[in-house]
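Hello,

I am handing over the structure that we talked about, and below it you will find some notes on what turned up. Please read them with the model open beside you.

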Amino acid sequence: MADNPRQDLYLEISRNLVDEELRDLRNYVSGAKILPEGFVQKADAHQICNQLEKEQKLNPGDLTLLADLLRKIGRHDYAEQAEKIAESERKGSPKPSTSQLKRKGEDGEEFPVKKKPAPCKEEELPVPVPVGPAETDPESSSLTDVFRTSVKTYYELKLSHFKPLIWNDNFTLELNDIFTQLELIPKHEKHLKSSQTYNRSESMRGKQRKELKSLDDLFNPDVTGLSTAPRCILIEGEAGGGKTTFLSKEALDAVSQKTELGIRNDIVLLIRLREVREGETIEEMVWDQCVPKTTEGIDVQSIKAVLQRNESRVLFLLDGYDELRPEARASKQAISELLDGKMYPNSTIVITSRPSAGVQQYTRPDCHVHIMGFSEEHVEKYMWQYFTAVGNQELTEALAKHVEDSKLLSTLIQTPIFLMFVCLLWEEDQEMVSTGTMTGLYNNLLTCLVRKYCKRKGVDMPTEGLPTEVAESLLQLGKLALEALLRNDTLIELAEVEREKINWELLLKLGVVSLEVSSSKLHPRKQLNFSHKTMQEFLAGQYVSHALLNKENVELLQLTSISKALELSNLLQFTCGCDSRAAQAVMEELGSLSKEEFSHLQPDDFQKDKSHLVAHVKSHLPVKPEIKESVNTYKRFILLCLDILNERKGTNVLQAVSRALPVIIMNHHRHRKPEHAALKYYLENIQSSQFPDRMILELPSANSSEALQYLEQMFTSPIPSLRLDLRLDNVRFDSPDETDRLVSVLKNVPGLRALDLSFTNLTLSSLQPLVQGFSHMSLLEKLDLSWNPDLGDAGMEVLQVGLSSVPHLAVLCLRCVGMITVGMSSLAPYMRHLVGLRELDISYNKIGDTGLESLTDVLPIFTAMQVLDLCNIGISPTGMRTLVPALCQLTRLIKLDISRNTIGDPGLECLAAILHHLTAMKVLVLNYTGISDRGISALIKALPHLVQLQVLDVMGNNIGDSGIVSLVQTICQPSSLDMEQNPPGDKSLTTAPHYNNTLQELYIGYNSGVTGAGLGRVARLISALPALTRLHMSGYRDTPTHLSDTAAMALAEALPRLPALEQLYLQEISMEAAGFQAVVQAAEEHTTLERLWYTVDLVPKGADTTASCLKLTNF
């Protein structure tokens, strides 16, 4: 950056200040109120310098302030360089860069620089080469300049323009025309340490995601939350989403220093990973792909010298990790070692990939970006560009209107390649666009290309199908396309094509493939490249369909698992879209895999968790990681099956889909329109005997009008045998008319099993039509009206009348419905006939002891009760004495929540006295109940009876060190026998090899009497709880607890011995820097730990907070 010595200096300072120097710089700048503290404490040195300049505190010819600041932090070397730059600016002389200043001798004369350095010989390479921001040797500096210039020239020649459609020479775009929508994925989403792979799902579009204007935003701490510039940026997107084109534009902009990446890096290297071969070094890849072969003085060894000398200023743009050959991505291959930081660890990396390609196996990206494709406002602009280029600009408006009205197209056109195809087809024949399926769209595209070819050649196009020679060539190419897909390749060697005697020249003329003559000096070859990977998948699908019809086995697809099927989802859709018999064969194979992999899943595994709204406890029972992973995979499998059904509708395919999906769960989302169309077809045509065990339909946070319209379209006629769970949480019903419309729809689903209307703004008037409709929901098993506080006691009086119409009700959730004593007293008698009630939630209602007494009159009737949630209903010790006799009879109870009730020690003593009757208990929640060591002592005596306990929560109480330590000691024992042999407080317990393999969640934080010494003792005990997934041991909120280095080290040593731990809460705890870093490092290295929660104000001064698992909070 010789043309901007200031920026050169700013960046060099930013790269080379150690943490202590940066901290001191921040303190000086903020302490003297030179810049706002909020900005300074998150900024790096480069950002601080730029802000000083922006606020005119570093004017041309005056860098006095910067020099003073640098001297204050002990960097006199940089202060002197700043003064020389300022002097040069004042004199108006040519501005020397930092590297030029360093090349000058003591007399001020510059060393001679060779204009054309000789090729660097291997024996002349210094080993090791020191990493530095700039060379001091004039020859190596000149070599760098030659290299940079050759790369820049090469990119400007190769990347400035491109033809997205190889069959249309008139349609050429400049990279400046490219517009791609990006969004930043929050750190917790990208933090994948386990074998689970990233997948695109509805959860990806969470509220915490941020839209990015460009990659420059990733260098803004306010956007990323990072205290330092990211080293590795992962960009993921679906096929055709524009990843390759986007990275080409980034390369061109970076070498021209138009972007932050370009300003921060002198050397920009774009490497297409599909070109990389096993055993290639990074330097060979660069020589192979980034410089013209005619560049003098540049070879592999000289490139190595340049990269080593400028390592901290090198930017690697790695395109298409999903296309990297398996043998080239092995652990000791160059790309893997580059990602892992074993090679060029101080460089910057931007890498693109399809989701689930496994990038995280070798690196944990600092930033994770998702390419969204075209936003709605970009679509019409692109259409206008296309039709202007081909001279039919008037077609733009009509296509834009057609796309808006088409469910399939409105989804597909978010991907640039599909929008391009749609424009092409619209230009040729507008009827060809309205197919409704991907296969139909590509069939029409292929027909369009062949028609163009026949027209050019003066050959008649057959009235049906394709010309024989064309069809045969495409089928032969499809076979090679499949083989390439299965080895994760998009290129086919021309020699291989010729061996198969395929008329590849015809395929070139059609525009299906292009001929790539490799510029590689290492691997000279000719290859056929598909216009896009989806075209490869389409042709491969055609071949597979043909092969299956000719009695070949479906094994040719190599469907060894559901995960493999999901990787090949486009191929499977195209295969099935080509023929019904092929679709049936594929679905039968998928059905077999489904039985093998998902037979252990139950409908309850798909229950939606909402407990995070008020508490740390995730659910009634902890979910095993393998179940969670299976559920996520199954949800993706459902979408694949529905996509296949949308591609090829038919009775046999429908039946095969039904057999493969014992449970169907669908989330209404505007980007899932093809799947919803398939689901509608499924419901209208499936036989009653083939309905799934359960269908779960989610419409969370939808507009009420949109939700009702969707339901009315989906359930147009009665479907008696459908067992439906309908989740409408956060759909705001603002009037009785809307709930009346809902009831009208549900009359067509008399088999409704669950209805979730939480957070729906229900009032007394809107509840009345719903309760009247209960007569049409006689099989209802679950009703959730939670978080509708306007219902009140009057609403309970309306509800009680309808309960007799739903005798099978097993789950009733009335959390925070505005009910008080009168409402509970009124409702309780009408619950008597709900003898099958398994779950009752009346939490967050001001019921009090009197209302509770009405409930206890009927509680013994519910002998099947498993979950009872009485959180925050105003129970006193007196109320506990009333409640306990009723609890004795609920011997199947697995969860009891009486948190946030002031029961105190007397109340807990009452409860502890009857816990031996509740041996099925798995979850016991006692947080914020006013208990102390006395109450805990009673609980400790009863704990040996709770041999199945998985979750224990005693947070936010007045327990002290003695009580907490004794509690943890007791929990760590595997059986009541051990308890008898080693009573609480026995010191032998701290060293005895006892283990509790049952407890999965333990919440002991926020207790006022617990000190750092107590938590230190707990840290030495918890290794005996290897099944723990969540551990909450935060300090007391009013007076943060200090954890000594010794205690912190004990905790750090314990973490590897908790192999299942996912969440660790250490808020309101202060530590010294050494202890804090030890805990954070242990957490970061932990294989399953997703989050370490810590209070931001208690982070030790100067501590590194960049760990991806670390979540800083304000409390």
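Strand β16, which covers residues 752-756, is mostly covered, since five of its five residues are buried, where buried means under 20% relative accessible area, exposed means over 50% and partly exposed lies in between, using a 1.4 Å probe and protein chains only. Strands here are DSSP runs of E with at least two residues, while helices are runs of H or I with at least four, and both are numbered from the N terminus. Strand β15 (residues 724-727) runs parallel to β16 and is joined to it by four bridges; two strands pair if DSSP finds at least two bridges between them. In this pairing, Leu724 stands opposite Leu752 of β16.

Please keep in mind that this is a predicted model, in which local features need pLDDT of at least 70 and side-chain atom pairs count only at pLDDT 80 or more, whereas totals for chains, interfaces and linings use all residues. Residues are numbered from 1 along each chain as its sequence is written, and side-chain values use heavy atoms, with hydrogens and water left out.

Helix α24 (residues 533-549) has 17 residues, which at 1.5 Å a residue should span 24 Å, and this agrees with its end C-alpha atoms being 24 Å apart; the expected span is 1.5 Å times one less than the number of residues. Of those 17 residues, 14 are buried, so that α24 is mostly covered. Just after α24, Lys551 takes a positive phi of about 70°. Gln558, in the loop between α24 and α25 (562-567), also has a positive phi, near 55°, although this residue is not a glycine, and Gln558 counts as partly exposed because its relative accessibility is 41%.

Finally, helix α43 (residues 1045-1054) packs with helix α44 (residues 1073-1085) at an angle of about 5°, with the axes 8 Å apart. The axes are lines fitted to C-alpha atoms over the stretch in contact, and angles between N-to-C directions run from 0 to 180 degrees. The two helices α43 and α44 are therefore roughly parallel, a term for angles under 35 degrees. Contact, meaning heavy atoms within 4.5 Å, is made by residues including Met1049 and Leu1051 of α43 and Ala1078 and Val1079 of α44.

Best wishes

Conventions
Angles under 35 degrees count as roughly parallel, over 145 as roughly antiparallel, 65 to 115 as roughly perpendicular and the rest as oblique.
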